[in-house]
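Notebook open, structure loaded. I wanted to look up a cavity, a helix and a loop residue.

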Amino acid sequence: MGADVAVAEQFEGQNEQGATDLTKSRCKDLAIQLAKFPRVALGHLPTPLEPMDRLSERLGGPRLWVKRDDCTGLSSGGNKTRKLEFLMADAQAQGADTIITQGATQSNHARQTAAAAAKLGMACHILLEDRTGSNDQSYIMSGNVLLDRLHGATVSKRSGGADMNAEMGALADQLRQDGKTPYIIPGGGSNPIGALGYVNCARELVEQANGMGLRIDALVHATGSSGTQAGLVAGFAAIQSDIHLLGVGVRAPQEKQERMVYDLAQQTLSHLGVDVEVARSDVRANCDYIGGGYGIPTEGMVAAVKLLAETEGLLFDPVYSGKGLDGLIDLIGKGHFEGMQNIVFLHTGGSAALFGYPETFDLPGYDADEK
Ligand SMILES: Cc1ncc(COP(=O)(O)O)c(C=O)c1O
């Protein structure tokens, strides 16, 4: 090796070390900032970051990893646990004794909110909007609906298109008249308080990758009510990470989805008290994998959920993470991540919803006839 090359490499090493030290100190500053907010411990954190080598080999593309937010521990886990750590603490700080929230029939957010309320000794009222029109008994009664009720929540249905915020407001008025102190959590826990949970996840992931000597090129996940992506956008902006973040939409068209994420990311940064601008170009949503609509199965989702169950032993859900994965797999094939080496899929949970969709997965391999 020539002397010039050796010196250059030494400088490069120092630059890399310098960059790592800078990131570490930004992560530390962000942790200090987050510690100013009330928070109740609900999740098993940090969640693991694991390679998906059989899937990577099958796809013949970049190395794929999974950030296991399905393992947050609260009532079969999922992304809402991180948001609820901040939201439930805020509810407690305001002296609430009753939680009200809303979601679709198979809402994972509703299930985790019911579990958090149970753990903290609060009553919980859940309003479920019929967004799919399905009358399938499993969809209406099993999966998350069963678990909501198991956690002791009071569950009631509303028709598709109902003004769910108004419905929650009316219920809160009624509960106040009965002498209760209700606290309303918006759908998906997506407001600047809930999104702090994903600011924290951005910090956690960057620190975890640094500790493993891993350079993450891209992070992909399912995006819906937008709090998860908004928190990640805000967190990455605060630590000046250049990880390419992509949300795969499950409901709204792209422009609306990106606008929701952008607005909430900015509100989250100002709530956090961090004076950083979000670049509009850092907010990316791909909404090409929604199919017939929210909660309506697609062929790509079914194939993706089966593939991950068979290659990695992982359970994804039909409404969110399954469609997110479909997007990831298809976009890898289309060269969207060209030149990238390590891509992380954020597993936001939701496998409880699989039991609301038993007929969707046409599965061979079970000879049900008695011999
Ligand atoms: C399993 C799962 N993944 C992803 C999401 C989307 O997260 P967000 O609503 O924060 O965009 C949800 C929301 O309910 C979910 O339940």
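My entries follow, one topic at a time.

**Ground rules.** I am working with a predicted model, where local features need pLDDT of at least 70, side-chain atom pairs count only at pLDDT 80 or more, and totals for chains, interfaces and linings use all residues. Numbering starts from 1 along each chain as its sequence is written, and side-chain values use heavy atoms, with hydrogens and water left out.

**Cavity.** I found 1 cavity of 30 Å³ or more; a cavity here is a set of points on a 1 Å grid over the protein atoms alone where a 1.4 Å probe fits but cannot get out. The largest cavity holds about 40 Å³, volume being the space filled by probe spheres set on the points. I listed its lining (residues with an atom within 4 Å of a point): Thr-105, Asp-130, Ser-134, Tyr-139, Ile-140 and Lys-157.

**Helix H12.** I checked the length of H12, residues 321-333; helices are DSSP runs (H or I, at least four residues), numbered from the N terminus. At 1.5 Å a residue its 13 residues should span 18 Å, and the end C-alpha atoms are 18 Å apart, so the two agree. Just after H12, Gly-335 has a positive phi of about 80 degrees.

**Ala-162.** I placed Ala-162 in the loop between strand E5 (154-158) and helix H7 (164-177), a strand being a DSSP run of E, at least two residues. From Ala-162 to Asp-130 I noted 9.0 Å, C-alpha to C-alpha, across 32 residues of sequence. Asp-130 is also one of the cavity-lining residues.

Conventions
On a 1 Å grid over the protein atoms alone, a cavity is a set of points where a 1.4 Å probe fits but cannot get out, and a pocket is an open set with protein on both sides within 12 Å along at least five of seven lines; lining residues have an atom within 4 Å of a point. The expected span of a helix is 1.5 Å times one less than its number of residues.
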